[in-house]
Amino acid sequence: MKKVIKTNFKKRPNTHGLFYKGIFYKNLVVIFLLLSFHTSFSQSNKEINGVVLGEDGSPIVGCSVMLKGSSKGVTSDSQGKFRIEVSNAKSVLQVSYVGYQIQELAVGQRTELTVTLKKENSTLSDVVVVGYGTQKKSSLTSAISTIKGQDMASQPVADLSNSLGGRATGIIFTQGSGEPGYDGSNILIRGIGTTGNTQPLVIVDGIPRNFTQLDPNTVASVTILKDAAAVAPYGLGGANGVILITTKKGKIGTPTLTYNSYVGWQNPTVQTKFVNAYQYATLFNAADDNLGAPHAYSDYALQKYKDHSAPDLYPDHNVLKELENTNTLLTSHNLDLSGGTEKIKYFAGLGFLSQDGLWGPTNYKRYNLTSNVEADATKTTKVNISINGRVEDRHFPGVSAGSIFYQAFRTPPNAPLTFSNGLPGSYIGRSAAGNISESGYTQTTGYTLLNQISIEQQLPFIKGLSVKALASYDYNPFNATNPTDPTAPIISFSRTWLTPIYFYAYDSATNTYPQVGNDGPAKPQYSEEYLQSQAFTYQGYINYHNSFGKSDLTALIVLEARNTKTSIFGAGRVNYNIGVPELNNGSANSTDISNYGYSLETKQKSAVYRLAYSYNGKYFVEASGRYDGNYYFAPGHRFGFFPAFSAGWRLSEEKFIKDNASWITNLKIRGSVGQSGALAGSAFQYLSSYNVFGNASVLNYTSTQGLMESSQANPNITWERAKKKDIGLDADLWDGLLTAEFDYFYEKRTDMLFAPTVTVPSEYGIGLSQVNSGEMSNHGFEVTLGTSHKFSNDLQAGLNVNYTFASNKLLQVFETAATYGNPNRRITGRPLNTQFGYKALGYYTSADFDANGNLLPGEPVQPWGTVHPGDIKYSDVSGPNGKPDGQITPDDIVPIGHPSTPEIIYGISPSISYKGFDLTLLFQGAGNRDFYEGVYAFDNSSSATIDALDYWTPNNLKATYPRITTQPTTNNTQVSSWWIRNGSYFRLKTGQLAYTIPTSVMRNLHMHSVRIYLSGQNILTWSHIKNFDPEVSSSTGQYYPQQKVITVGLSANF
Amino acid sequence: MNPKNLKNSAFCMLIFVMLSTIFSCKKSLDQSLSITPHNSVTDLSVWSSTSTADVFLNSIYGYLPDGNNWYDPFDNWSDNSICGFSWVLSRTQAQQSTQTPSTLAWWGGWTTGYPYDWSSNYNYIRACNVFITKVAASSLDTGYKRERIAEVRFLRAYFYQNLWMAYGGVPIITVPLDATSQGDSIFHARNTWAETYQFITTELAAAAEDLPINAAESGRATKGAALTLKGWVELFDHQYTASAATNMEVVNMGVYSLFPDYGGLFMPANNVNSEGIFYREYIPNVLGGRADSFDGPTFTAGGSETSWGGVNPTQELVDDYDMDNGKTISDPTSGYNPQKPYVNREPRFYQSIVYDGSYWYNDTIYTRQGIGSPNEIDLSDHNDATQTGYYQRKGLNDKITLGADNWNNGTSGQNYYYFRYADVLLNYAEAQNEAVGPDGSVYNAVNQIRERAQLPDLTPGLSQDAMRTAIRRERRVELAFEGKRYWDLIRWGIAGTNLNRQLHGIAITSTNGVLNYAPVTVPGGDRKFDASKNILFPIPQSAIDQNKNLTQNPGY
């Protein structure tokens, strides 16, 4: 074993010996153990000198040249040259390089060889990962988009879900938070098609798994399955689209070691600005004037706020800015080893990522280990073993980010955030600074282990027939409340230690800072939670593929069984007298001790089929589907059938095009139709039962358990059905100078679950179980255009554009007479989550009032208290009889804005490379979305943003905000069009400027290639919303903001 | 067959054996997906043992009003107090009487709102109906059935009483509704005021028959609780003779008496006492109360905010506390000095109100102006400090850690009383005075209250009107901050006056060391009440929309 390693590396320079010893022996020796069953190599007696060139004649550096059937291999040098010893004339050399087709050459009698490698990037020969298999891209009849792994790996993001947006059509996404460990995007395939769960199914290497925390460097490709034909193999899981992640596998070639690393600096994309103390006090006094109340701040106080002469008595804090760190670090290191021979291929990766949060206690660390071994156990048997594990550590303050931002937003600048000696102060009994530094911590550790083994056996007695068995065991904890959430953070074990948050006051008489109180618990408390979920998946494949003359037939049958078991257990104690966070150290008083636990189980069984027939590479038909059974439903209602059909026609293969339009390299039209399903609601709604809960009431000064009727059963409850249609066009013109894809899609979702609350009186007293009755449609189109041109050997440029539009409409929902009967308020027929509210006309002016301050006759009456000039005036659109009635009532509610989910997502990615430099940009935008701004000055004694200074006065009639009041008035905070903000945006999402060091330099270092780069994420943003990021996810703005990242990185190949 | 093929065939076999074990015939396939949920119980097992049935009943007790967790207690809807912060319902809705069928809301507490929400009450009533129906049909022990069903009939009557006071006559539903088997009969019309009254009192009378005098476990319904509620409902409906009789029945049970220490009655140390008739119990940290840190003085030692200051008593309430000589402050002989207003007041004043210069939680609370006190009366509506110059003291415990720990974890443990013996005495006195006049039994009842408060007896020989005035003032003071005042104003027909005027606080300034006291109008004190319709609340529009048999209350 040792000999092998030495052989492989004996040519390495000594300067790196230490490095290899350290990293290799310790961490990757495991991989070589796996390889040990194949370690023969033969004696050599003949030397071959060769050179590897590209199609353009330029040398290919670092190319792997292997002696076939052995583990012996060398790599080409900076001039593409290599030297290898072979045993005899029958020896075959395998020459391979990333991005190029593998070449095999019989040595024969030659001693000098020139090998020309062909690029692999001809899109037609690309193989695309599809459900339960792969397909040649040229024979696809379904709507599928793909993203290359390298596009993901080059982005400085922790969470993979943030790498998809703008890269391919069909992905509608919103990133709602920048908090480390929870900053993933919500991904929707082709928008929203249901009122139920909208999450796509995520499949990693064939098994439903979470993908967001995989090491991006180990991802080979991402495939988005969009239409019926593509998702049909996933039956009940397919209606919301499917994301297929394929991890990297080894390739034939000498061992290649790759080291990737970057370090980045993060800052909020937009730093929300607040008023300073003087502005705050002036604004408050103005509000008091409107109330007719005495000023809260004296002239003396105003002066003090202005001149900052008594900072502890009259503070002036920039609260958010003082709480947040700037340029927080994001670092990543990754080491991959890959290679292989005819008989065995391997890929192994080790990754580390560390992401700091806006404040010290918040950070995220991830450790990934991947290993994938593919071996030909016999000539007809292929075995694949893969182990993919990771550990995630999340660390947060004891107080949640939401609470920290809530308190930061409400702490006015003149509150003692901290005193001049650094001690935290408080505002309304809560300490914003203490929340971060003194609240204790929450620490969650996630362990994930994804194991799978598959054995594929060719059956030589029927040509083209093979069978495969796959078993996977995942230790894959999930979000128990939403098991299908692909972005659910993985938590196996969490510890929460909450401590009193002491805060201080300034006593001017004695010039001391006594501790005056505490936020948080009076005494520390501690809790632990364990979550464990195991998933077992078994798949049996029968695969048949054969050609008969011009016909090509593929048949696939897969039987699958899957079950999961989840256990949750938690325990905690309060009132710690000993400040060491262990359960055993907690109070022994029985009322201070608590625990809980429960378990969940799921089962699913399915059969998948796919039949594909093509004739002459021109005509394609395919039928696929799934017979799917799920434990959710009542006996007899558990199995459903979800078929799809598709067809394609490659016009470019027809004579009339080949002869007349040779510039058309490829042209295909395709279409699909089919059904898929979605689990909705929750399991067991077919059962009538009582739920058990704790702490129901106190009787005899003892806490009791309770039983509660669950909602009334619906024995007929079933899955949602989606009928999908898609028509698409793929074109490749002028030999790849222009590629284009176009898809139009339409989906109708039926059997959506609704609680039929409006069909029983509200005196009914209990919820009815949901019924399958909702209907919704979703349609849209997608366009991809790409071009790339090589101007010279040194200069190459490309441009890719993609555009997705998806718009939905509710066709049938349970709706009350009050909204259904009013065409303005009717939800049916409108997009889901359309925003409704009053139509604001502007502000009242003094002309609307008489001398006594009463509204003039004829002005509609607004029922939310007395109004004054500067208050928002609403339109009397309608009344009980459908006509304006002189009163503002719910009858006047109208649609006021788009949903917050964008209808349009697009990406524009230009790239240019010149000599060793390359620049790749991704501009990304979203349109047709609205943000409802509920950020009101002084709301519940909160602070005010800088925008609030633009408030209505008789001299500022066109102000953005109504007249200022000490608490926003009920009238002005009615949901209305006044607060709708255009949420569309345009971003420089990713940019990378890289330089690949010339090979002549690298040769001396005995490295294949080194690439250094400057890269960024969310670099520039253009938006209508100025004081928040456009993807702001809380109407009050109180959330952890999205981050901008600038990184420098290095990628080295050995 | 050569060995290789044999191997392949064997492999094939293996796979198909594996698959066929997974997929056998259809029925067993279906069955193989069966999972029994781990966190629920079926109908069969709930009603087959008394211990499981009791677990169901426990949850109904949990539905009773959670009065120690309100940050905007219901007294803020009356003229007793104003909330110290402006975003709550009592300030946004009740103050201007802006509730409409579409906007009517009842939140005001940490976990639950006020107990007057339409659909919530019907959820509770359904739970009662399920219990009664299922237990009656079960084969459980008859003794168990009798007592527990009586408890639930009492609880159901309590929920109906809340609906009845708020909305008038409501649909009386006594069986669990079932849309599949009952068809259109699930859409009940409203019963009349009188029918609802009749239903509640009849149910309570029946429950009282079966309920024990002393419950085996405290906190459960008793005969006394059922009779007290019945007497209250009769009083609310002006059935004075009936009410006097019912309340006298409670008196004659002889199991209740006034607890000697009025202030201490509301503290956790005295949770077990002879005065409480029906109340909610609390366990700190588990199911604890938070009222202390919601409703008491806002700022304490060092200026830290340890309470939200949710209850700011009005000057109108403060003025109704007698002098310690038993005379009202308006009596010229009482010795009341408007410039020394807190001197020589009756004990309940000091036990109920935090005022300028009084002591609370290791601190002297100053609400006066001009000395930089954080508790200075907040006339500019600037923060949570008192709007009126007063804070609530009664029922709040300053011997626990106030502030965030109490908010987050509910660390207080005192009872919240729905009915105590003082209610019975006052209910009796009022009913008897109205039905018969100020006879000796009326004096006796009121004087018991006054004696506990160390006040002299009422002057003998009061007219019926004078007695009425005395009883009403006594009632306001004795039951302050117990959620009763709003309903008293409604049933006395004076809400249109008392809730339709400006309420006041006290502005205290110091000139050369001499304090000057001046009543002032305060933010949130501008009350509106339209007596032509606001006597009843509107039925929620959502309920009307879902049941065309419901009619809206007049004026909405």
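User: What do buried, exposed and partly exposed mean here?
Analyst: Buried is under 20% relative accessible area, exposed is over 50%, and partly exposed is in between (1.4 Å probe, protein chains only).

User: Start with A:Pro857. Buried or exposed?
Analyst: A:Pro857 counts as exposed because its relative accessibility is 81%. The model is predicted: local features need pLDDT of at least 70, side-chain atom pairs need 80 or more, and totals for chains, interfaces and linings use all residues. Residues are numbered from 1 along each chain as its sequence is written, chains are lettered from A and ligands numbered from 1 in the order written, and side-chain values use heavy atoms, without hydrogens or water.

User: Where is A:Pro857 placed?
Analyst: In chain A, in the loop between strand E42 (840-843) and strand E43 (872-874). Helices (H or I, at least four residues) and strands (E, at least two) are DSSP runs numbered from the N terminus. A:Gly886 is 29 residues from A:Pro857 along the chain, and their C-alpha atoms are separated by 9.7 Å.

User: And A:Thr1047, buried or exposed?
Analyst: A:Thr1047 is buried, because its relative accessible area is 0%. It lies in strand E51 (residues 1043-1053) of chain A.

User: What does A:Thr1047 touch?
Analyst: Leaving out residues up to four places away in sequence, A:Thr1047 touches residues including A:Pro156, A:Tyr262, A:Val263, A:Tyr1013 and A:Leu1014. Contact means heavy atoms within 4.5 Å.

User: New topic. Which residues make the nonpolar surface patch?
Analyst: Among them are A:Tyr613, A:Trp649, A:Phe656, A:Ile669 and A:Phe742, in a patch of about 960 Å². Patch residues have over 30% relative accessible area and no salt bridge; like charges are joined within 9 Å, nonpolar side chains (Val, Leu, Ile, Met, Phe, Trp, Tyr) within 5 Å.

User: Which strands supply at least two residues each?
Analyst: Strands E29 (593-615), E30 (619-630), E37 (720-733) and E38 (738-754) of chain A. A:Ile669 sits in strand E32 (residues 664-678). With 35% relative accessibility, A:Ile669 is partly exposed.

User: Now chain B. How many helices and strands?
Analyst: Chain B has 22 helices and 13 strands. Its C-alpha atoms fill a box of roughly 120 × 55 × 45 Å along the principal axes. Of its 556 residues, 61% are buried.

User: What about the largest nonpolar core?
Analyst: It has 115 residues. A nonpolar core joins buried Ala, Val, Leu, Ile, Met, Phe, Trp, Tyr and Cys residues through side-chain atoms within 4.5 Å. B:Ile60, B:Phe131, B:Tyr167 and B:Trp487 are among those touching the most other members. Helix H7 (residues 142-167) of chain B gives the most to this core, 15 residues. Apart from it lies another core of 30 residues, including A:Leu164 and A:Val222.

User: How much do chain A and chain B bury between them?
Analyst: About 8,000 Å², with 62% of it on carbon and sulfur atoms. Buried area is the accessible area (1.4 Å probe) that two parts lose on being put together, summed over both. On the chain A side, A:Tyr690, A:Tyr701 and A:Glu763 lose the most area to chain B, together 11% of what that side buries. The contact takes 102 residues from chain A and 92 from chain B.

User: How many salt bridges between chain A and chain B?
Analyst: The count is 2. A salt bridge is a side-chain nitrogen of Lys or Arg within 4 Å of a carboxyl oxygen of Asp or Glu. A:Arg638 forms a salt bridge with B:Asp30, and their closest N and O atoms are 3.5 Å apart.

Key:
Areas by Shrake-Rupley, 256 points an atom, 1.4 Å probe, with all protein chains shown as cover.
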